[in-house]
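Visitor: I would like to go through this model and ask what stands behind each label. Could you show it to me?

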Amino acid sequence: MERIIYYSDYKVKETNYVKQEIIYSLILKSISFLIGIFALGISIFKGSLMLLTYFGVFTLCLSLIINIIFIILDLIRLFTKKDYRNKVLYTLKYMITSSLFLAFFINLIFITPYSILNNEINPFIKFGALFSSIILPILSFIDFIEFDYNYKTKRSYVYFSFIIFIIYLLTIFSLSKTLNLTWLNYIDNSEISMPYFNLDYNLNSLSDLSYTIFFYILILFLGGMLLLHFKNKKYIKVYKIPYTSINVHQDI
């Protein structure tokens, strides 16, 4: 029987350099960055700073930061062939992209239907939410899989995808309790103690809150595993890593 070959067994000495690929990467990242700036501008100038406390807008800000960093590094790589991307930056981008997947799910299922039907919400905010919470995550997913495949990962990396959401929950809960902040419930325009009604500790029991948080973490887990799976497939294809039908060649 052949030895099981893991793709992490292979050491890539030199990062794959394809000028056309870097240009495509720059185009996609630039589009995502411009969409993010547009959506953030609408959220702030047509809404209020409180919109920054929503998970979708929060992850949007993080994606803008990581996007501009990778755009700069891509430009350096394009003109000098030197790759300064490292595991820390790749891991941060993986965490942010996974969080965008959760923001996409939350807004698509729980927020967007109610906000569209709610005539009291500024139409510019609705338009901004469409870009930041639906279109941007899709572009970020494609970008990560197609152009960030050099990031070598294992199955255990999926746990990194939980970090941003947990930090967000703890931060918003602390702000709510210490500053007595309230948010708008998109269902009936009432005030709630957390940005999302199903996370409001005054409206939901501890068991319901635990179930909701577990469900969101499950979504993060599934999104994170999908990212790793397709990115690793791209890595294996680009670097022509051999495997047979019995190989667990992605470590996942």
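Visitor: Where in the chain does K81 lie?
Guide: K81 sits in the loop between α2 and α3 (87-117). Please keep in mind that this is a predicted model.

Visitor: What makes the phi of K81 worth a remark?
Guide: Most residues other than glycine have a negative phi. K81 is not a glycine, yet its phi is positive, about 65 degrees. This residue follows helix α2.

Visitor: Why is K81 called exposed?
Guide: The label exposed is given over 50% relative accessible area. K81 has 60%, so it is exposed.

Visitor: What is the phi of N180, and where is N180 found?
Guide: N180 is likewise a residue other than glycine, and its phi is positive, near 55 degrees. It is found in the loop between α5 and β1 (183-184). With a relative accessibility of 61%, against a cut-off of 50%, N180 counts as exposed. A positive phi also turns up just after α6, where K240 takes a value of about 50 degrees.

Visitor: How do you know that the length of α2 agrees with what a helix of its residue count should span?
Guide: Helix α2 covers residues 55-80, which is 26 residues.

Visitor: Which residues meet where α2 and α5 touch, and of what class are they?
Guide: From α2 come F55, F58 and L62, and from α5 come I164, F165 and Y168. By class, this contact has six nonpolar residues, with no polar and no charged ones.

Visitor: What makes V158 buried or exposed?
Guide: The cut-off for buried is under 20%. V158 has a relative accessibility of 1%, so it counts as buried. It lies in the loop between α4 (123-147) and α5. Leaving out residues up to four places away in sequence, V158 touches Y94, F221, G224, M225 and L228. The C-alpha atoms of V158 and G223 are separated by 8.9 Å, although these residues are 65 apart along the chain.

Visitor: Why is T15 called partly exposed?
Guide: Its relative accessibility is 31%, which lies between the cut-offs of 20% and 50%, so T15 counts as partly exposed. T15 belongs to the segment before α1 (19-45). Its contacts, not counting residues up to four places away in sequence, are D83, R85, N150 and Y239. T15 and D83 are 68 residues apart in sequence, with their C-alpha atoms 7.4 Å apart in space.

Visitor: How many helices and strands does the chain have, and what share of its residues counts as buried?
Guide: There are six helices and two strands, in the order α-α-α-α-α-β-β-α from the N terminus. Of the 252 residues, 46% count as buried.

Notes:
Residues numbered from 1 in each chain as written. Predicted model: local features only at pLDDT ≥ 70, side-chain atom pairs only at ≥ 80, totals over all residues. Heavy atoms only, no water. Helix = DSSP H or I, 4+ residues; strand = E, 2+ residues; numbered from the N terminus. Expected span 1.5 Å × (residues − 1). Contact = heavy atoms within 4.5 Å. Nonpolar A, V, L, I, M, F, W, Y, C, P; charged D, E, K, R; others polar. Buried < 20%, exposed > 50% of the residue type's maximum accessible area, 1.4 Å probe, protein only.
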